[in-house]
Amino acid sequence: MRVLAAMSGGVDSSVAAARALAAGHEVVGVHLALSQDPQAVRESSRGCCSLEDSADARRVCDKLGIPFYVWDFSDRFKEEVMEDFVDSYVRGETPNPCLRCNEKIKFAALLERGIALGFDAVVTGHYARITPDGYLRRAIDPRKDQSYVLGVLGAHEIEHCLFPVGDTPKPQIREEAAEHGFSTASKPDSYDICFIPDGNTTAFLGSHIGVRPGMIVDGEGTPLRQHDGVYGFTIGQRKGLDIKTPAADGRPRYVTDIDAATGTVTVGSHEDLSVSVIEADRLKYLHPGMTGTLDCQVQVRAHGGVVDCLAHVHREEDSMVLELSEPLFGVARGQAAVLYLPDEQGDIVLGSGTICGTRR
């Protein structure tokens, strides 16, 4: 096959490209330029789109003897990831921009251009696997599994994906990179939001949204203090609330609800974070089993565990309701709910939805 290797400049994408080449594919390396001002992305930020990352990706491709290109997706990234990120916080949600980037840029946009240019598939360094019948499943290494962040893709994208490192533990990937002589072999994993390299999400959102005053209240509606905008809070947050008066029972307070329309942030006890029902929309279907009422498992965080649930999938309404077998805590609107087949098949992804509501 003729494949595009998405080169982030990290160790995983380096080895993925090498393995694709060794498997006999015709490989072309592509680094995605996502920042309209690359100089603003700090080197060593542990993101995936700095000038340093681009240079690392080029060196790997040179060592492999494959062509290397930089494709500028910065305009599309700004609109579909950065602006969506800001808009989501304005609505009182807590989005994961890396999921949106996977959905809109690293697969959809890249694959769209790649297919137009005659490529058959996209190769990435994500830790996930594809079953023989074409379904997404978890990686061998549960500590590095990234099936959750890929659960927002559509079936079309999965049909054109190769994940060569998903069958190998991470330490072996680093060893393999060192054997190839890749400079990325000891490079730290990425974890920053690439467009917020200093990690100050509240300051970034404040600069884009501005001051939108509201009140922090307790569960009885008693005002506790004014705030500058709901974007400074997320469900489950405990630190940084700056509430001068202690709770009546003396226990810590957590953000339990965010009403963006009124600017109201409600705080309560940890027990108030308990959720037994999740509502989601914007569904993605990766397996024919995601239909009607079904027993499955759900994961709501990239590094969270799964719980059993009864899912009611309403395709005609583009929504689903998940009845959890045990409560989850701190589930926020805007996060992804990714469904997996249960029991011994629990590593196959059924599909996903974006959380739009919860109930106790």
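Strand 4 (residues 121-123) pairs with strand 7 in the parallel sense, over 2 bridges. Two strands count as paired if DSSP finds at least two bridges between them. Within this pairing, valine 122 stands opposite cysteine 161 of strand 7. Helices (H or I, at least four residues) and strands (E, at least two) are DSSP runs, numbered from the N terminus.

The model is predicted: local features need pLDDT of at least 70, side-chain atom pairs count only at pLDDT 80 or more, and totals for chains, interfaces and linings use all residues. Residues are numbered from 1 along each chain as its sequence is written, and side-chain values use heavy atoms, with hydrogens and water left out.

The open sheet has 5 strands in the order 3-2-1-4-7, with parallel pairing.

Now the cores. A nonpolar core is a set of buried Ala, Val, Leu, Ile, Met, Phe, Trp, Tyr and Cys residues joined through side-chain atoms within 4.5 Å. Buried means under 20% relative accessible area (1.4 Å probe, protein chains only). The largest core has 28 residues; Phe77, Leu110 and Phe195 touch the most other members. Helix 3 gives the most to this core, with 6 residues. Domain 1 (2-180) and domain 2 (201-268) each supply at least three residues; these bounds come from an automatic or database domain assignment.

Leaving aside neighbours within four places in sequence, phenylalanine 77 contacts Leu34, Met82, Cys101, Ile105, Cys194 and Phe195. Contact means heavy atoms within 4.5 Å. Another core, of 25 residues, lies apart from the largest one; Cys61, Ile66, Tyr127 and Ala177 are among its members.

Definitions and conventions: Buried < 20%, exposed > 50% of the residue type's maximum accessible area, 1.4 Å probe, protein only.
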